[in-house]
Amino acid sequence: MYVGTLSFDLLLGDVQPLKEKRSVVRPIVAELQRKYAVSAAEVEHMNLHRRAVVGLALVSGDAGHLSDVLDRCERLVAGRPEVELLSVRRRFHGDDD
């Protein structure tokens, strides 16, 4: 069994109220969940207007499949024009851990 996680540190555009921030972050989380069947959520900076950290996790029996899905998730978030991807943190846990 392999477990992979990603956390995306995002800089949002000119959003002021937190409600507007949520309208940017929620569609990203929903698309990750829908397209790639990952568990995803906003996990940090909930009360900051222009910053968000989105985390996701995936479990797979195949390390190659896990790596491929994490790569696709990263490309999806990096390609979103409404956010700037500041950093990505990837963790990979296997049977040997």
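Which residue takes a positive phi in the hairpin of strand 2 and strand 3?

1. His45 does, with a phi near 60°, in a hairpin that has six residues between the strands. Glu42 has Val54 in strand 3 as its bridge partner. Helices (H or I, at least four residues) and strands (E, at least two) are DSSP runs, numbered from the N terminus.

2. The model is predicted: local features need pLDDT of at least 70, side-chain atom pairs count only at pLDDT 80 or more, and totals for chains, interfaces and linings use all residues. Residues are numbered from 1 along each chain as its sequence is written, and side-chain values use heavy atoms, with hydrogens and water left out.

3. Helix 1 (residues 18–36) packs against helix 2 (residues 63–78) at an angle of about 150°, their axes 11 Å apart. Helix 1 is therefore roughly antiparallel to helix 2 (angles over 145 degrees count as such; axes are lines fitted to C-alpha atoms over the stretch in contact, and angles run from 0 to 180 degrees between N-to-C directions).

4. From helix 1, Ile28, Glu31, Leu32, Lys35 and Tyr36 meet Val69, Arg72, Cys73, Leu76 and Val77 of helix 2 (contact means heavy atoms within 4.5 Å).

5. Leu66 lies in helix 2 and is buried, at a relative accessible area of 0% (buried means under 20%, with a 1.4 Å probe and protein chains only). Not counting residues up to four places away in sequence, Leu66 touches Tyr2, Val3, Gly4, Leu58, Ser60 and Phe92.

Notes:
Parallel < 35°, antiparallel > 145°, perpendicular 65-115°, else oblique. Buried < 20%, exposed > 50% of the residue type's maximum accessible area, 1.4 Å probe, protein only. Pairing = 2+ DSSP bridges.
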